[in-house]
Structures are given as structure tokens and as C-alpha cells.
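Student: I would like to go through a pocket and a ligand site, one question at a time. Please show me the structure to begin.

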Amino acid sequence: MQHLWKYFEGRKLLSATGPLFKLIEAVLELLVPIVVAKIIDEAIPSGNRSYLFTLVAVMIGLGLVGFILAIAAQYFAAKAATEYARDLTADTFDHALKLSKTDRDKMGGSSIINRLASDTFQIQSGLNTSFRLFLRSPFIVLGSLVMALQINRQISLWFVLMIVILSVIVFTIMKVAAPMLRNIRNKFDRLVTQTREQIQGIRVIKAFTQQHREINEFEETNDDLTKMQLRVGRINALSNPLTYLTVNLILVGMIWQGGHQVSVGTLTQGQLVALINYLLSILVELVKLVVVLDVINKSITSAKRVNAILDLPTEDLTDSQIQEEKNAVVNSALVIDNVNFTYPEANSKALSNINLAIKKGAFVGVIGSTGSGKSTLLNLISKTYEPSEGSIYFNPSLFNIDNLAGLRSDIAVVPGQVTLFKGTIRSNLLMGKKDATDEEIWRALDDAQASEFVKQLSEGLDSPVAAFGSNFSGGQRQRLTIARALIKQAELLIFDDSTSALDYVTESNFQHTLQEKYADRTIIMISQRIHSLRNADLITVLEKGKQVGVGTHEELLKSNEIYQEIYASQAVTEVD
Ligand code: ADP
Ligand code: MG
């Protein structure tokens, strides 16, 4: 925990003030029973009123001064602890931002957040409590014992007996309860994580009507947690009766022996009352000590967790590197950052560790065999699902990221499966843009290489489309679907294997149009055919959900085995 000590520097005096005041308060507290003894033994029997009032005044004075000291100690302890935690949190936050991506991913975003929020707070309360009680409680216990020994050695043996028995009870219970408490904390972490996942994935859960399963899962964990807490509660509940039984038995013994000594004259009544007072203050402080030890224990765990962040090396970027990173982000249309995804109820990840920065206006290809995760990636980009881990960032200067509907309007997806609806060509295209003019419709049809065959239809844009577009050929349906997406004039165009039914020449013409008229748009083209992606600025190769290659066609052809295999298999078919 070497990193955490330096935060005491510059506030050593402040940190010492709280404990010091608490010690003075403790000394005053230890004096009170002596004054009480004097009142009982001297002032009351003597009948000297002014002496009695003086002693009572002294007692009240001790209480008042103690009270003021306690409040001051509280203030200084809280101030020292809060300032400590403030500086520690600020530094840890800075440090966390400078961690390398690998380290950040290793520790996990939510773990870092927890360390920054709840662990630093735990450290703060640990410090606050320690400043006030860590010195005071043992001091009062020992002090009371010493005072008792001064008054009467024989009776003080009861004190030793009580301290021993209470310590045994308390530490036995703690030993039994501590592992359970740790277990509860883990269970609780689990519950929080689960809830967080459920809330984040709520759309997916609904889409798959998995609400019941999720509710059951939550209730199971929650029930488990409740049962464990009840068990710990029962064990803890033992501590009070056991403690009070011990204390009262000891008191009975003490009063019995003390009463005997009072009647013999070796002990005064006042002294006996003082002894009882000391015994009770030992009890109170022992109980507090248990709480303090627990808080300190938790704080040490937290301190280790925060220290672990500060232990990681930072990446000190030079100004030009920072500028470069900034430029990369600013010039990106979207950044896929370490994305993982598992479908609900699926056993394995459909995508793991996908990273891709897509520049504005880039033409990005995604290639891979069936089931490699291409459509899954599309679904994540179009926000049909949320990544299980990692994030996809959209550049806010290009995309409306304030709400889902806005974002979706900036993304046009051409699905692999053609979805045309019963109606007319116009009604189908208007689904892409509600208020499109005929001119816009024709332009979209033109770009999608569809205008030629539409023109030949006698009714033009009003030609009927049967359900699923079954009155058109596969290639025509695909071109109408493309036109419906193009008419949206979206910032990002995603084609999911949607040129597969086009013949070679039509596809080449279409690619040409994309390059000329849609050069400023960002395009993601998913395809199983290499020749559809030849001109891409960047191609990513997926295999079983993993990203096995990124590069241009030439680069991948040189160095990527899987790409080479795909190329080899298609080179043959293209000759056909
Ligand atoms: P591609 O588009 O590359 O053919 P997909 O992204 O459709 O691949 O599928 C990737 C993997 O995810 C496959 O193993 C597939 O079985 C699985 N998968 C796809 N959709 C779902 C779903 N809705 N539920 C569960 N698993 C799915
Ligand atoms: Mg697919």
C-alpha cells in the first residue's frame, strides 16, 4: 500500500488533532468515576454542601469539556479523512485515465468504477473511525483497568476475567461470521452485476421474452443473499445476550465481593461505584473496538484495491501522441472498442474482442464464413443488441447520439434477407424516407441499379409489389431493398450480404456508384465474396466470432491464411 501513505503528508497535524483530542477526552472520562467516588465517600457523608456542589460542578465541567473536545475531534477527524479521500480519489481517477488499454480491460471498467467510488469511500470512513476510536478505545480499556488496580487489586481481577471472557466471545463470533460476511459481500457484488447486466440488456431480454428467466435468476441470488444474512444475523444475535450475561455475572460477583469488603472497611462505597463505572466503560469500549476493527479490516481491503490501480503503470503520451489519438477519434465515424457479445441462452460468445476504428467516409469490408458473427456485428452497430462487454462509440459530430431513434435515422441497413412489403414500389421506398419526392425515389433507384427495370414496368413507381416482393426476381428484390436504404441518405450504410444476388456486372456498377456518389458516406459491406470487397479501405476477417485479420485486400492476401483460403476457394468458382 505504498502509494497511500503519501496522502498523509501535508496533513499530518490535521490527522493527529482528532486522535489527540479524543485522548484528552478519554483522560477526562477516566477521572469522572473518581469524582463520583469522592461525592459518595466524602461530600455526601460530610454534609458539606459547598464541597458537594463543587464536586458536582467539576463533574459537569469534565463532561462539558469532554463534549467540546469530542465535537472538535469529530470535526478534525472528518476533515482529515475527507480531504485524504478527495486527493486520493482525484489522483486515482487521473491514474485510471492514463492506464494502458490492456490494463484497463484486464481490471474491468466496473471494477475500476467501484474502486473509485465505494472503495475510496470505505477508506474515508475507515480513516474517520480510526482517527476517533482506534487510540481511544484501547486507551480507555487499559486506563480503566489501571484505575481499577489503583483502587483495589483484588476486585480488579474481575476486570481481567471479564476482558478475557468477552474477548473470547467476540473473537469467536467474529471468526465464525467473518467468512460468512465475505461471502455476503461477494453475493452482493454478484447481485449488483446481475442487475446491471439485466438493465443494460433489457431490450435483448424483452426481444427474446426472457423476462421470467431473468426474474427467477434475480430471485434466486436474492434469496440466497437473504438466507445468508439471516444466518449471520442469528450468530451475531448471540453476541448481545452472551455479553450481557457475562457482564452481569461479573457484576454480581464484584458487588458480592465488594460489598463484603465494604462491610469489613477495606473498600468504600464510592470506590465500589467507581469500580462498577470502570467496568461498564470497558464493556462499552470493547464493543466499539469490535466495530472499529471491522471497519478497519474492510478499509484495508479497499486500500489494497485502490492501491492496485495506482500500482499499474501509466502510459505517458506525448503531446503529439495525444493529438494523434484525438485526430483518430475525431476522424472516426465509429469506434468498436473491445466488443464481446453472447446471445441470451447461448453458451459461447458470438463475438469476442472486436476492435475496429472506422474512419468517416471509409469503405470497410467484413468477410467470414457463415456463422462467423458478421450479422451479429451489424446488429450491435445498429443497436439491435447491446454489447455484453466493451462499447461502440459513434462520433457525435456525425451521428445523433442523444437518442436511439435519432441514431437509427443516421444508419441505413440493407439486410441480407430481402424484406419487401405488399404495396407499390413507391410505398416500399417511402418506408426509407417518408416524405421523399419522386425525384429522390428515382435517384435512389438509379443508384441501386434498379431504375432500368422499373422504367420498363407499365405502371412505373406505382407498379404493385406482392408480399415479400415475390413478383420480382431475386436480383430485382435485392436492388429495391438497396434503393430503400439509399433513399435515407444516412451517414452510415451497412450492407449485410445484400449484393449476393446481383450479377457481376450489376454489382460492379453498383460499387462504382457507391464510390462516386457516396464517397463521403461511411460504408460497411458484409460479404462472403472477396470481389465485393476488393476496393475496401479496410477489411476485417471474422472466424468463429474472432477477429483474425484486419487490413487491405493486398495486405490480407499476403499475410492472412484464412483470407487466402477464402480467396482460393472463390477464385475457382469465379472461373465457372
Ligand atoms: P454470420 O452473419 O457471419 O453468418 P451470425 O452473426 O448470424 O453469423 O451468427 C454468429 C453466431 O451466432 C452463430 O454461431 C449463430 O449460430 C449465433 N447466433 C446468431 N443469431 C443468434 C440468435 N438470435 N440466438 C443465438 N445465437 C445466434
Ligand atoms: Mg449473416
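Student: Which element gives the most to the lining of the second largest pocket?

Tutor: This is a predicted model. The lining of the second largest pocket is made up of 41 residues. The elements that each give two or more residues to this lining are α5 (109-134), α7 (153-200), α9 (211-264) and α10 (269-311). With 18 residues, the one that gives the most is α7.

Student: How many residues of that lining are charged?

Tutor: Among the lining residues nearest the pocket centre are Arg 182, Arg 185, Asp 294 and Lys 298. Asp, Lys and Arg count as charged. Over the lining of the second largest pocket, 18 residues are nonpolar and 14 polar, and the number charged is 9.

Student: Which residue around ligand 1 is the charged one?

Tutor: The shell around ligand 1 has 3 nonpolar, 7 polar and 1 charged residues. Asp, Glu, Lys and Arg count as charged. Of these types, the list of residues around ligand 1 holds Lys 374.

Student: Which residue has a polar side-chain atom 2.4 Å from an oxygen atom of ligand 1?

Tutor: Tyr 343 has a polar side-chain atom 3.4 Å from a nitrogen atom of ligand 1. Ser 372 places a polar backbone atom 3.2 Å from an oxygen atom of the ligand. The side-chain atom at 2.4 Å from a ligand oxygen belongs to Thr 376.

Student: How much of the accessible area of ligand 1 does the protein cover?

Tutor: On its own, ligand 1 has 560 Å² of accessible area. Of that area, the protein covers 59%.

Definitions and conventions. Residues are numbered from 1 along each chain as its sequence is written. Chains are lettered from A and ligands numbered from 1 in the order in which they are written. This is a predicted model: local features need pLDDT of at least 70, side-chain atom pairs count only at pLDDT 80 or more; totals for chains, interfaces and linings use all residues. Side-chain values use heavy atoms; hydrogens and water are left out. On a 1 Å grid over the protein atoms alone, a cavity is a set of points where a 1.4 Å probe fits but cannot get out, and a pocket is an open set with protein on both sides within 12 Å along at least five of seven lines; lining residues have an atom within 4 Å of a point. Helices (H or I, at least four residues) and strands (E, at least two) are DSSP runs, numbered from the N terminus. A residue is near a molecule or strand if one of its heavy atoms lies within 4 Å of it. A polar contact is a pair of N or O atoms within 3.5 Å; within protein, one must be able to donate a hydrogen and the other to accept it, and residues adjacent in sequence count only if both atoms are side-chain atoms. Accessible areas come from the Shrake-Rupley method with a 1.4 Å probe; for residues, only the protein chains shown count as cover.
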